Amino acid sequence: MKVTITTEDGSLFTLDVSGDLELENFQALCEFETGIPAAQVVVIFEGTELKDAKKSLTDYGLKEGDVVLMRRRRVRAPPSNQGQGTAMEIDWGQIQLPSGANNRTQRPSSSRQRPNEDDPEYIRTMFLNDPHQLSLLKERNPELADAISNPAKFAEVLGKQRQEMNERNRQRIRTMNADIFDAEAQREIAEEIRMSNINQNMEAAMEYSPESFARVIMLYINCKLNGHPVKAFVDSGAQMTFMSSACAERCNITRLIDHRWSGIAQGVGQQKIIGRVHVAQIQIENDFLQSSFSVLQDQVMDLVLGLDMLKRHQCCIDLKDNTLIIGTTGTRTAFLPEAELPNNARLSTQEPQDTTQEMEDRNLAEALARSAQDASTSSSSSQQLQEQAPSGGSFPEEKILKLTNMGFKREEAIEELARCNGDADLAAVSLLAKSMKVPSK
């Protein structure tokens, strides 16, 4: 049967023992777990101390899942027998020492006082002098580790954590002394046992597989899309290959986006699909591979190579050599180290990542800036077209009125219609882009 033991310091552990195990053997098992000598182990069950060492646990009424309290027996010093002195019972206070010797013996004793182990400054100094313990503190108690350089803050955090621990211990003792038929007490005991098992599981993981707590970098490769260098994320968990609208614009393939394939991409969250590029060329090392892409509007990563592209070219992710193998050609390309990853994919970024709204504002500002630049470069040609139709007679009057009703001047409307070959919608978008100011970064 399994018996849960709680100690005075609040720790819990479980022993799997037989019901006919004698108390003295049970105390020996507790000594093995806690280091307290078996002769000093006191076992308390249902508020009663178990004293007969030859009785079995079943005789005391213990059964599967019971909880017992274990504490250390206080050893009292034997009383002094005054008047019955022996050879070993010497009254050291009656021995007369020379004054010089007395001074020499008393002075060092005052300087070698035992340090107070509960003093926050003593604990802080101990951690600072032991790099191994300091690394464990950073791993298991980051709040206290962050305050170790500031003595006042360290003492404050340590005092707060001690108060919380004392409150938990008091609550645990109240629970142990509560009525065993109380449903709330049973729930609290079950929660204590569950958390104890979780903590033991985490400690075992820290000891035997600490690498499971480390973060890993994602798999990126260098490639070229339409001749432009791009860092592509290899994601075998993505169903399709996709790119961001900013990457599509940077690689000059926005003209190939088929907006009839717009929709919503669902996965971990939702993103808007603005269209699809049916065929584009990716260069990986010396290989030129054909692939199709969905273009997402609000996508942080430039390019994601999904399962459709990986299966089409029979790609293999070799984690032993840290390479991506193109199965159709046998080409290998190495995954990028952390230093070469995009800023949003690195483990330790110095600056916080931009929010989605900030990213949208920045992309909009860049698009408007490019639109304004394109408009300025084509001003000479538009002026020539305006001279050919200064009165707007070559354009339907309703198109001109459509633009003037939006607040633009008649000359501006005619000029933009001439530049857009009479397309009123495109002219309206261009005039709106020119009228908006680019926000400062």
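The dialogue below treats a sheet, a residue, the cysteines and a pair of helices.

Modeller: Please note that this is a predicted model, in which local features need pLDDT of at least 70, side-chain atom pairs count only at pLDDT 80 or more, and totals for chains, interfaces and linings use all residues. Residues are numbered from 1 along each chain as its sequence is written, and side-chain values use heavy atoms, with hydrogens and water left out.

Biologist: In what order do the strands of the open sheet lie?

Modeller: Strands of a sheet pair through backbone hydrogen bonds, in either a parallel or an antiparallel sense. Helices (H or I, at least four residues) and strands (E, at least two) are DSSP runs, numbered from the N terminus, and two strands pair if DSSP finds at least two bridges between them. Here five strands form an open sheet with mixed pairing, in the order S2-S1-S5-S3-S4. Its edge strands, S2 (12-16) and S4 (48-49), each pair on one side only. S4 pairs with strand S3 (residues 41-45) in the antiparallel sense over two bridges, and Thr48 in S4 is the bridge partner of Phe45.

Biologist: Is Thr7 buried or exposed, and which residues does Thr7 contact?

Modeller: Buried means under 20% relative accessible area, exposed over 50%, and partly exposed in between (1.4 Å probe, protein chains only). Thr7, found in strand S1, counts as buried because its relative accessibility is 10%. Contact means heavy atoms within 4.5 Å. Leaving aside neighbours within four places in sequence, Thr7 is in contact with Phe13, Leu69 and Met70.

Biologist: How many disulfides are counted?

Modeller: A disulfide is a pair of cysteine sulfur atoms within 2.5 Å, and by this rule the count is zero. Cys315 is in no disulfide, the nearest cysteine sulfur being that of Cys316. The sulfur of Cys316 lies 8.9 Å from that of Cys315, its closest, and this is too far for a bond. Cys316 is partly exposed, at a relative accessible area of 40%.

Biologist: At what angle do helices H13 and H14 cross?

Modeller: Axes are lines fitted to C-alpha atoms, for helices over the stretch in contact, and angles run from 0 to 180 degrees between N-to-C directions. The axes of H13 (residues 410-419) and H14 (residues 424-435) come within 9 Å and cross at roughly 120 degrees. H13 is therefore oblique to H14; angles under 35 degrees count as roughly parallel, over 145 as roughly antiparallel, 65 to 115 as roughly perpendicular and the rest as oblique. Among the residues making the contact are Glu412 and Leu417 of H13 and Ala427 and Leu431 of H14.
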